[in-house]
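Hi,

Here is the structure I promised to send over.

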Amino acid sequence: MKPGDMFARIGSIVASVMFLWAMFKQFFPYQLRNQIEKHSQRLVSLVYPYIQITFHEFAGERLMRSEAYSAIENYLSSKAATQAKRLKADIGKNNQSLVLSMDDHEEVADEFNGVKLWWACGKHISKPQSNVSFHHPMSDEKRYYKLTFHKRNRDMMLGTYLDYVMKEGKAIRVKNRQRRLYTNSGSYWSHVVFEHPATFQTLALDPEEKGMIIEDLITFSKAGQFYARIGRAWKRGYLLYGPPGTGKSTMIAAMANLLGYDLYDLELTAVKDNTELRKLLIETSSKSIIVIEDIDCSLDLTGQRSKKKEEEQKQDQRQKQQGVQEREVRSNQVTLSGLLNFIDGLWSACGGERLIVFTTNYVEKLDPALVRKGRMDKHIELSYCGYEAFKLLAKNYLNIESHHLFGSICELLKETKITPAEVSEHLMPKNASVKAEFHLRSLIQALELAREESRLKAEEDATKQDSHYTQNYSSD
Ligand SMILES: Nc1ncnc2c1ncn2[C@@H]1O[C@H](COP(=O)(O)OP(=O)(O)OP(=O)(O)O)[C@@H](O)[C@H]1O
Ligand SMILES: [Mg+2]
């Protein structure tokens with residue numbers, strides 16, 4: 001018999017004796033009753049020095065599924081997989097993996113700071129209510145987990161250990177949950193399952209820079225207590241900039257995969273005004289990344305916003321004269337200040353653990369208010385493909401780490417601007433019989449062509465400048 005079983009049995013015998021005593025103690029004289037109670041307490045703690053705590057699946061008046069029960073279930077799933085003889089299996093919320101849990105009346109042992117303890121799982125079956133004519137046969141089953149530990153470890157178990165179990169269990173749930181990609185149409189979010197395969201391992205980027213970004217993200221995700229202590233909202237802003245095809249969107253997906261966050265892809269051009277923007281942002285959940293792509297193309301957010309505003313005001317005037325409704329007049333009034341207000345202030349009202357990421361192809365076009373230091377915590381430039389990035393792509397796409405053509409490619413990459421997206425196109429295997437060399441030669445050709453084009457362009461520019469100079473200054 002397992003130790004936990006034995007304790008459970010002794011526990012139930014003790015409980016029955018206590019029950020009988022509670023019923024019949026009134027028939028004993030007061031003095032004798034006191035003596036019996038005193039000695040029986042001592043006896044009970046001698047024969048049964050263990051404490052048991054039960055966690056029911058459904059708790060509270062509204063019979064909500066208890067969070068503690070779910071956390072314990074998650075926490076025990078890996079232990080059940082290695083220790084329990086009878087397991088229950090179900091498909092996980094991410095629809096990809098099986099989630100195992102221990103079957104009824106199974107027991108697993110755990111150890112914490114050198115202390116041994118036992119978890120058992122069970123169910124009570126209550127009698128069906130007579131006034132219910134039909135009910136589901138399982139509806140009267142009440143499941144629970146029971147924790148048994150020695151009383152000398154009471155403080156540690158009730159404090160540190162249970163905290164640890166709750167935290168671990170919740171972390172496992174976050175890891176296993178099905179993540180979502182939200183998009184807005186107007187002021188409403190709709191979502192699909194987020195299943196982008198990008199990771200930082202597959203992202204072609206200078207390894208040192210990549211390491212720094214990963215560290216920054218992980219530090220952020222663990223810094224909840226730090227942000228609370230310094231009284232700042234638990235959020236962080238990133239600005240990703242660089243030419244098209246350098247991996248900005250891919251990096252955002254990799255960030256979400258690294259941290260296990262949901263993604264909110266905010267389409268600002270579909271948002272009518274600041275009120276709608278505020279509503280959308282408040283509705284985002286924690287552990288999420290809010291993405292505003294191509295911020296330079298979004299309304300009112302570039303350096304030319306004052307010019308745009310004038311045009312809009314004129315248009316509003318015209319519409320008013322035509323008797324257009326006020327609501328329509330207010331359309332397209334998402335402003336830079338609305339967005340910045342939210343980032344800086346209102347943000348704190350809606351909990352934490354959010355990243356906000358802006359992307360742009362033209363960082364120089366952005367309003368200085370948006371890019372000034374302190375507003376966006378980190379600026380990351382994604383640029384043309386360098387040799388290190390190329391090596392990673394070659395490893396990912398062709399499964400090679402070295403080749404005699406790597407040297408020429410390295411030289412060509414120094415002189416040519418080519419995006420990782422273009423490089424990936426050349427390296428993408430067409431079919432199994434095509435050798436790596438074919439892909440590398442195709443890339444070399446593309447690089448030589450690009451080098452030739454840029455040489456011709458440079459020559460053309462120089463000729464233009466010469467003729468401009470001759471026209472303007474030759475008479476001097
Ligand atoms: N750094 C990179 N590492 C690996 N793959 C990349 C990288 N950059 C681009 N790619 C490949 O090129 C494709 C396009 O990249 P992505 O959409 O991330 O570029 P982008 O910078 O967001 O471009 P845009 O500015 O046009 O939005 C991706 O599907 C990816 O396969
Ligand atoms: Mg993109």
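This is a predicted model: local features need pLDDT of at least 70, side-chain atom pairs count only at pLDDT 80 or more; totals for chains, interfaces and linings use all residues.

Strand 9 (residues 180–185) runs antiparallel to strand 10 (residues 188–193), and six bridges hold the pairing. The two strands make a hairpin with two residues between them. In that turn, Gly186 has a positive phi of about 65°.

Strand 9 has another partner too: it is joined by three bridges to strand 12 (residues 262–265), this time in the parallel sense. If you want a spot to look at there, Tyr182 sits opposite Tyr264 in strand 12.

Now the ligand. Ligand 1 is surrounded by 15 residues, and the closest are Pro244, Gly247, Ser249, Pro420 and Ala421. Two elements give two or more residues to this shell, namely helix 7 (248–259) and helix 15 (420–427). Domain 2 (180–381) and domain 3 (387–473) each supply at least three residues to the shell. As for its make-up, there are seven nonpolar residues, seven polar ones and one charged.

Zooming out to the whole protein chain, I count 16 helices and 15 strands. Of its 476 residues, 22% are buried. Among contacts with a separation of 6 or more, 74% are between residues 24 or more positions apart.

That's what I have for now. Cheers!

Conventions:
Residues are numbered from 1 along each chain as its sequence is written. Chains are lettered from A and ligands numbered from 1 in the order in which they are written. A residue is near a molecule or strand if its C-beta atom, placed from the backbone, lies within 6 Å of it. Helices (H or I, at least four residues) and strands (E, at least two) are DSSP runs, numbered from the N terminus. Ala, Val, Leu, Ile, Met, Phe, Trp, Tyr, Cys and Pro count as nonpolar, Asp, Glu, Lys and Arg as charged, and the others, Gly among them, as polar. Domain bounds come from an automatic or database domain assignment. Two strands pair if DSSP finds at least two bridges between them. A residue is buried if 20 or more other C-beta atoms lie within 10 Å of its own, exposed if 12 or fewer, and partly exposed in between; C-beta atoms are placed from the backbone. Two residues are in contact if their C-beta atoms, placed from the backbone, lie within 7 Å.
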